[in-house]
Amino acid sequence: MPQRERYLFVCTNRRPDDHPKGSCGHRGADEVLRELKGELARRGLAEAQARACASGCLDQCASGVAVLVEPDHFFYGHVTPADVPAIVDALASGGRVASLVLSDADLAKG
Ligand code: FES
């Protein structure tokens with residue numbers, strides 16, 4: 001399998017229900033990952049352009065569901081399944097969905 005141009009790491013970490021930090025797993029991360037994989041495959045991008053992978057905690061719990069895009073090295077935050085088409089559109093054109101990109105201030109919250 002060739003190395004893809006980009007990898008989208010979707011945090012699917014799930015903490016106990018009563019954990020004060022919450023977790024991406026409780027905010028719909030599995031659905032986001034499933035939608036991303038499906039959309040990439042439907043558009044024929046999964047073979048060479050991008051792969052969506054499950055990840056452990058990315059330390060952006062306050063902004064979950066968190067998605068790290070590499071090698072571009074930026075985070076999407078508060079991602080829902082409804083955001084997936086726009087994310088894949090941006091991926092196909094080499095851009096980003098600016099409204100979902102975490103700022104330095106967001107990143108500092110952890
Ligand atoms: S639980 Fe998802 S970034 Fe920490």
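**Entry 1: the hairpin of β3 and β4**

I started with the hairpin of β3 and β4, which has 3 residues between its strands. In this hairpin, H73 takes a positive phi near 65°. The model is a predicted one, and I kept that in mind for every entry below. H73 is a residue other than glycine, and its place is the loop between β3 and β4.

I looked up the peptide bond that joins E70 and P71 and found it cis, with omega about 10°.

β3 and β4 are antiparallel and share 3 bridges. For L68, I noted F75 in β4 as the bridge partner.

**Entry 2: the sheet**

I then looked up which strands make up the sheet. The sheet is open and has 4 strands, in the order β2-β1-β3-β4. Its pairing is mixed. For background, I wrote down that strands of a sheet pair through backbone hydrogen bonds, either parallel or antiparallel.

Which strands are at the edges? They are β2, residues 50-55, and β4, residues 74-76, and each of them pairs on one side only. On average, neighbouring strands of this sheet are turned by 25° against each other, with direction ignored.

**Entry 3: β1 against β3**

I followed β1, residues 6-11, to its partner β3, residues 67-70. The two run antiparallel, and 4 bridges join them. Two positions of β1 went into my notes. Y7 stands opposite E70 in β3, and F9 stands opposite L68 in β3.

What covers my attention next is the burial of β3. As a reminder, side chains in a regular strand alternate between the two faces of the sheet. In β3, V67 and V69 are on one side, while L68 and E70 are on the other. These four residues are all buried, and both faces of β3 are covered.

**Entry 4: the helices on the sheet**

Helix α1, residues 29-42, lies across β1 and β2. It runs at about 165° to β2. Helix α2, residues 84-93, lies across β1, β2 and β4. The angle of α2 to β1 is about 160°.

**Entry 5: aromatic pairs**

How many aromatic pairs does the structure hold? I found 2. One of them is Y7 with F9: the ring centres are 6.4 Å apart and the planes are at 20°, so the pair is stacked. Y7 has a relative accessible area of 22% and is therefore partly exposed. F9 is partly exposed as well, because its relative accessible area is 28%.

F74 and Y76 also form an aromatic pair, and this one is edge-to-face. Its centres are 5.0 Å apart, with 90° between the planes. I checked the burial of both residues. F74 has a relative accessible area of 7% and so is buried. Y76, at 3%, is buried too.

I ended with the loop between β2 and β3 and took its residues one at a time.

D59 is in this loop. It has a positive phi near 65° although it is a residue other than glycine. Its relative accessibility is 53%, so D59 counts as exposed.

S63 is also in the loop between β2 and β3. Why does S63 count as buried? Its relative accessibility is 2%, and buried means under 20%, so S63 counts as buried. I then looked up which residues S63 touches, not counting those up to four places away in sequence. They are G77, H78, L102 and D106.

V65 is another residue of the loop between β2 and β3. The peptide bond from G64 to V65 is cis, and its omega is near 10°.

Notes
Residues are numbered from 1 along each chain as its sequence is written. This is a predicted model: local features need pLDDT of at least 70, side-chain atom pairs count only at pLDDT 80 or more; totals for chains, interfaces and linings use all residues. Side-chain values use heavy atoms; hydrogens and water are left out. Two strands pair if DSSP finds at least two bridges between them. Axes are lines fitted to C-alpha atoms, for helices over the stretch in contact, and angles run from 0 to 180 degrees between N-to-C directions. Contact means heavy atoms within 4.5 Å. Buried means under 20% relative accessible area, exposed over 50%, partly exposed in between (1.4 Å probe, protein chains only). Rings of Phe, Tyr and Trp (its six-membered ring) pair if their centres lie within 6.5 Å; planes under 30 degrees apart count as stacked, over 60 as edge-to-face and the rest as tilted.
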